[in-house]
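Me: I have a structure to get through and I am new to it. Can we go over it piece by piece?

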Amino acid sequence: MLNVSNEKPEDVIRKFLESASKGVKVTIISSYDVMSVITAGILGRALGALDIEFEILGEESKDLVKSNAFLINCQVSNCNNCIIALESKSEYVSRRGSAYTLKLPVMPESFRRILAEYVIIPKEARYLVLASILSKYTPRLEFKGLSNNDLKVFDEALRDGIIESVPGLKLMGWGIAPISNVLKYSIDVLVAKFFMSNEIQMDKGVKIGPHDIASFMGLKSSDELLSNNYIIKDNWVIKDLYQLAYSLIHGLDVMGIDLSTLVMNISKITWLVAEFMESLPVVRELLDVVLRGKFIKHGRYRIIEHDVNMKRTSITVLNKVLRGMRALSSDEIIIIKSGNNLLVPIQLLGSKIISKASRIEYGYAILSDVKDLP
């Protein structure tokens with residue numbers, strides 16, 4: 001029976017840190033979504049700074065943990081001296097024995113705020129928090145705006161002067177890069193005619209406006225393309241927060257739970273962004289395969305046969321591109337058959353695909369039979 005606790009989430013976390021500082025190894029278990037993994041990284045950074053031994057594992061390991069664990073957006077039935085943190089619209093604390101359940105709004109920001117009382121969390125980690133929030137709102141054509149809780153986090157970042165809001169089109173790099181680069185590399189709202197193409201060049205004097213782009217995409221009006229773009233004000237490795245969000249989505253596929261290490265080693269972000277940008281020609285290749293109809297249908301799944309490199313290719317990004325293009329419905333999923341294996345990104349299906357997998361590699365569930373697809 002869960003008892004409602006009068007304690008605040010920060011009180012529960014403080015007590016947990018105090019008990020862990022006595023030489024207990026902490027296991028962090030994270031679900032496979034960008035916000036949870038970044039939260040795990042923030043917690044790991046704090047534990048490391050406090051000289052507390054820890055490890056970060058994926059949700060597939062949750063049933064192996066019996067004590068001294070921090071579970072982020074996943075649950076276990078019995079765990080001694082554990083905290084289960086779940087995303088919620090409001091704060092709520094409950095307890096069963098020595099185990100606590102914390103419900104927190106905007107999970108990574110809640111942890112950043114609480115743990116900043118104990119250790120220094122750099123500004124760059126805050127960029128990761130903001131980008132992880134935006135990852136939920138991709139592709140942008142499916143969303144009208146941020147939720148109230150998420151908007152409050154962005155409003156605070158705007159007041160603090162670490163980011164700025166630039167109104168314009170929902171194109172990565174809008175307002176900070178030449179239109180030729182924007183159309184060539186934007187993957188959130190992707191214009192197939194120009195994506196990864198050299199057809200449009202600045203020296204040709206080509207001018208393309210919002211109405212032209214809407215027309216290329218088959219939209220009735222350019223109003224659907226209008227939004228606020230969030231730009232990092234520092235002269236950092238990346239400026240567009242949506243580009244960072246897609247880099248994190250890519251990273252969760254190709255790195256799995258190890259994506260959390262970005263929070264502890266900020267310099268790795270440069271590598272991740274470069275890897276994401278270098279993966280775009282493969283995304284273009286897979287996109288063309290889908291648009292030509294070269295896939296096998298199995299229920300809501302569209303299966304492509306392709307020898308992809310799981311360490312370099314994000315199938316989740318491909319799915320988001322196709323949904324943004326309205327070439328894939330919200331319940332349809334593209335997966336890859338490579339050899340005898342089916343590669344399914346865990347972040348697309350969550351825990352229900354983990355239980356079906358023969359093994360987990362990076363951020364992919366590996367299945368041997370289409371009958372195992374949930």
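Reply: What follows is a short walk through some of its strands, helices, loops and a pocket.

Me: What kind of model is this, and what counts?
Reply: This is a predicted model, in which local features need pLDDT of at least 70 and side-chain atom pairs count only at pLDDT 80 or more, while totals for chains, interfaces and linings use all residues. Residues are numbered from 1 along each chain as its sequence is written, and side-chain values use heavy atoms, with hydrogens and water left out.

Me: Start with β2. Is it mostly covered or open?
Reply: Mostly covered: five of the five residues in strand β2 (residues 26-30) are buried. Buried means under 20% relative accessible area, exposed means over 50%, and partly exposed is in between, with a 1.4 Å probe and protein chains only. Strands (E, at least two residues) and helices (H or I, at least four) are DSSP runs, numbered from the N terminus.

Me: Which way do the β2 residues point?
Reply: Val26, Ile28 and Ser30 point one way, and Thr27 and Ile29 point the other way. In a regular strand the side chains alternate between the two faces of the sheet.

Me: Which strands is β2 joined to?
Reply: β2 runs parallel to strand β3 (residues 54-58), with five bridges between them. β2 also runs parallel to strand β4 (residues 69-72), with four bridges. Two strands pair if DSSP finds at least two bridges between them. Serine 30 stands opposite glycine 58 in β3, and isoleucine 28 stands opposite phenylalanine 70 in β4.

Me: What do β2, α2 and β3 make together?
Reply: With helix α2 (residues 34-49), the strands β2 and β3 make a right-handed β-α-β unit. Right-handed means that, with the strands pointing away from the viewer, the path from the first strand over the helix to the second runs clockwise.

Me: Now the hairpin. Which strands form it?
Reply: β6 and β7 form it, with two residues between them. Strand β6 (residues 92-96) and strand β7 (residues 99-104) pair in the antiparallel sense over five bridges. Valine 93 stands opposite leucine 102 in β7. Glycine 97, in the turn, has a positive phi of about 65°.

Me: Switching to helices. How many α4 residues are buried?
Reply: Eleven of the 13 residues of α4 are buried, so α4 is largely enclosed by the rest of the structure. Among them are Tyr127, Leu130 and Ser135.

Me: And α5, which residues are buried there?
Reply: Asp150, Val153, Phe154 and Ala157 are buried in α5. Seen down the axis of α5, the buried residues fall within an arc of 90°, so they line one face of the helix. The arc is that of the directions from the helix axis to the C-beta atoms. On the other side of α5, Asn148, Lys152 and Arg159 are exposed.

Me: What sits in the loop between α4 and α5?
Reply: Proline 139 is in that loop. The peptide bond from threonine 138 to proline 139 is cis, with omega near -5°.

Me: Which other residues have a positive phi without being glycine?
Reply: Arginine 326 has phi near 65°, and tyrosine 362 has phi of about 55°. Arginine 326 is in the loop between α11 and β12 (333-338) and is partly exposed at 48% relative accessibility. Tyrosine 362 is in the loop between β14 (359-361) and β15 (364-367) and is partly exposed, with a relative accessible area of 34%.

Me: Last topic, the largest pocket. How many residues line it?
Reply: The lining has 16 residues, of which Ser135, Lys136, Thr138, Lys320 and Gln347 lie nearest the centre of the pocket. On a 1 Å grid over the protein atoms alone, a pocket is an open set of points with protein on both sides within 12 Å along at least five of seven lines, and lining residues have an atom within 4 Å of a point.

Me: Which element gives the largest share of that lining?
Reply: α11 does, with three residues.

Notes
1 Å grid on protein atoms, 1.4 Å probe; cavity = no way out; pocket = protein on both sides within 12 Å on 5 of 7 lines; lining within 4 Å.
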